[in-house]
Amino acid sequence: GDYAFSRLEAIEQVIIPEGVTSIGEYAFCSCRELRDITIPDSVNYIGEGAFENCSSLTTITIPEGVAIIFKNTFANCTKLKSVTIADSVDTIGTSAFENCSSLTTITIPAGVADIRDYAFSGCYLLKNIVVADENHTYDSRGGCNAIIETDENCLLMGCSSTTIPASVSDIAPFA
């Protein structure tokens with residue numbers, strides 16, 4: 001449920017049992033020692049801020065069936081290095097991964113049609129940004145190492161090794 005384990009700093013590992021379908025809002029917020037969490041495929045909802053401020057979390061796999069990564073879901077997970085976003089995800093919310101300062105790679109699946117403001121701001125160690133070729137809303141044209149909103153030719157997110165294509169006509173705030 002909402003706030004179920006919030007601020008229980010001694011939690012280091014969580015295995016959510018198969019059959020659980022949702023993780024409530026801020027359920028594990030500020031569990032600063034949480035390093036490892038296993039989320040079963042039965043989970044199809046992860047609430048806003050569910051893992052916000054879990055500063056020891058290093059890896060997360062979003063299960064198939066989850067459609068939205070809500071606002072602040074993984075914000076300030078400063079040791080988060082690896083994220084696997086399921087193909088079922090269609091929306092990445094505002095500040096979803098904000099200040100995940102150890103994140104080095106982002107892969108946006110084909111079904112993502114909405115990336116909200118600041119979704120990846122403060123991810124300073126990003127080196128690889130890939131958008132699935134089948135994505136109709138966003139692209140990484142020419143291997144540019146960025147997220148570009150295709151129809152608007154707007155660069156949403158770049159990194160230190162981004163090469164901005166000449167076709168880009170706008171750059172989003174905090175890109």
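**Close-up 1. The salt bridge between D139 and R141.** In this predicted model, D139 and R141 are joined by a salt bridge whose closest N and O atoms lie 2.8 Å apart. D139 counts as buried, at 14% relative accessibility. The structure holds 3 salt bridges, and the next two views show D114 with R116 and E12 with R35.

**Close-up 2. The salt bridge between D114 and R116.** The closest N and O atoms of D114 and R116 are 2.7 Å apart. D114 is partly exposed, with a relative accessible area of 25%. R116 is also partly exposed, its relative accessible area being 42%.

**Close-up 3. The salt bridge between E12 and R35.** The side chains of E12 and R35 meet at an N to O distance of 2.8 Å. E12 belongs to the segment before β1 (13-15) and R35 to the loop between β2 (22-23) and β3 (36-38), so the pair ties together parts that are 23 residues apart in sequence. E12 is partly exposed, with a relative accessible area of 40%; R35 is partly exposed as well, at 41%.

**Close-up 4. Strand β11 and its pairing with β9.** Strand β11 (residues 128-131) has a covered face, formed by I129 and V131, and an uncovered face, formed by N128 and V130. Strand β9 (residues 105-108) pairs with β11 in the parallel sense over 4 bridges. T107 stands opposite V130 in β11.

Close-up 5. C31 is buried, at 0% relative accessibility. For C144, the closest cysteine sulfur is that of C159, at 9.0 Å, again too far for a bond. C144 is buried, with a relative accessible area of 4%.

Notes. Residues numbered from 1 in each chain as written. Predicted model: local features only at pLDDT ≥ 70, side-chain atom pairs only at ≥ 80, totals over all residues. Heavy atoms only, no water. Buried < 20%, exposed > 50% of the residue type's maximum accessible area, 1.4 Å probe, protein only. Disulfide = S-S within 2.5 Å. Helix = DSSP H or I, 4+ residues; strand = E, 2+ residues; numbered from the N terminus. Pairing = 2+ DSSP bridges. Salt bridge = Lys/Arg side-chain N within 4 Å of Asp/Glu carboxyl O.
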